[in-house]
Amino acid sequence: MRHAEQWRGPSGWRRIALRVCALCLLLLPLAHADEGLVIVDAQTRLQDGVWYLDADIDYQLSATALEALESGLPLDFELDIRLERRRRIIWDAEFAELRQRYQLQFHALTERYITRNLNSGEQSSHASLGAALQALGQVRGLPVIDDALIDPDTKYFVEFRAAVEIKRKGGPLAVVRLFWNDWRTESEWLRWRLGR
């Protein structure tokens with residue numbers, strides 16, 4: 001009779017594992033309920049022999065990202081730009097790639113939000129998170145490629161994506177990271193033809 005009772009349901013460890021999995025599945029939608037990363041507009045323009053990128057990005061940070069920022073962890077903002085050339089016989093080949101990186105950090109002593117261009121070192125201070133995100137979301141005149149490197153008889157396509165990631169550190173938040181998958185948020189890739 002004892003053997004029959006053992007097969008009626010999962011063991012103690014299995015019950016605990018199932019409950020933890022169910023809890024994670026229930027909390028997963030909450031992790032993404034208030035986040036969003038949308039490229040509102042992006043285009044390239046030719047000026048003085050250089051192709052530049054202009055873009056508007058709407059950053060809506062997740063609850064996890066906001067909590068990490070207020071706790072002193074910096075957020076990394078990445079802009080990924082890929083240039084592909086269309087070949088006649090084979091698939092598109094990646095021609096050039098550029099990654100522009102920024103960082104956002106809350107300075108608790110001054111209660112200011114500091115944005116820093118990690119490529120150039122330039123930084124700015126903002127009174128509110130909204131102002132900092134708006135500044136990060138307005139990309140103007142980002143150099144992509146010199147026009148002299150472009151073959152006028154070849155079609156080129158630009159792919160553009162934005163991403164936000166909580167800078168990884170140890171401690172309790174590293175454990176929390178195991179249960180939340182919104183430590184990195186990416187937009188969809190946007191693709192358009194590079195034209196004159």
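## Pocket, cavity and sheet in a predicted model

The largest share of the lining of the largest pocket, 5 residues, is supplied by β7. The structure is a predicted model, in which local features need pLDDT of at least 70, side-chain atom pairs count only at pLDDT 80 or more, and totals for chains, interfaces and linings use all residues. Residues are numbered from 1 along each chain as its sequence is written, and side-chain values use heavy atoms, with hydrogens and water left out.

On a 1 Å grid over the protein atoms alone, a cavity is a set of points where a 1.4 Å probe fits but cannot get out, whereas a pocket is an open set with protein on both sides within 12 Å along at least five of seven lines; lining residues have an atom within 4 Å of a point. Grid points are joined across faces, edges and corners, and a volume is the space filled by probe spheres set on the points.

The largest pocket has a volume of about 290 Å³. Of the 15 residues lining this pocket, Tyr102, Asn117, Ala135, Leu136 and Gln138 are the closest to its centre. Two or more lining residues come from each of β5 (112-117), β6 (123-126), α4 (129-137) and β7 (138-146). Helices (H or I, at least four residues) and strands (E, at least two) are DSSP runs, numbered from the N terminus.

The structure holds 1 cavity of 30 Å³ or more. The largest cavity has a volume of about 80 Å³. Among its 13 lining residues, the closest to the centre are Gln60, Leu61, Ser62, Val164 and Thr185. The elements giving two or more residues to this lining are β1 (36-47), β2 (50-60) and β8 (155-166), and the largest share, 3 residues, comes from β8.

The table gives both linings by residue class.

An open sheet is formed by 3 strands in the order β1-β2-β7, with antiparallel pairing; two strands pair if DSSP finds at least two bridges between them. The edge strands, β1 and β7, each pair on one side only. From one strand to the next the twist averages 25°, where axes are lines fitted to C-alpha atoms, for helices over the stretch in contact, and angles run from 0 to 180 degrees between N-to-C directions. β2 and β7 pair in the antiparallel sense over 6 bridges; Val50 has Asp146 in β7 as its bridge partner.
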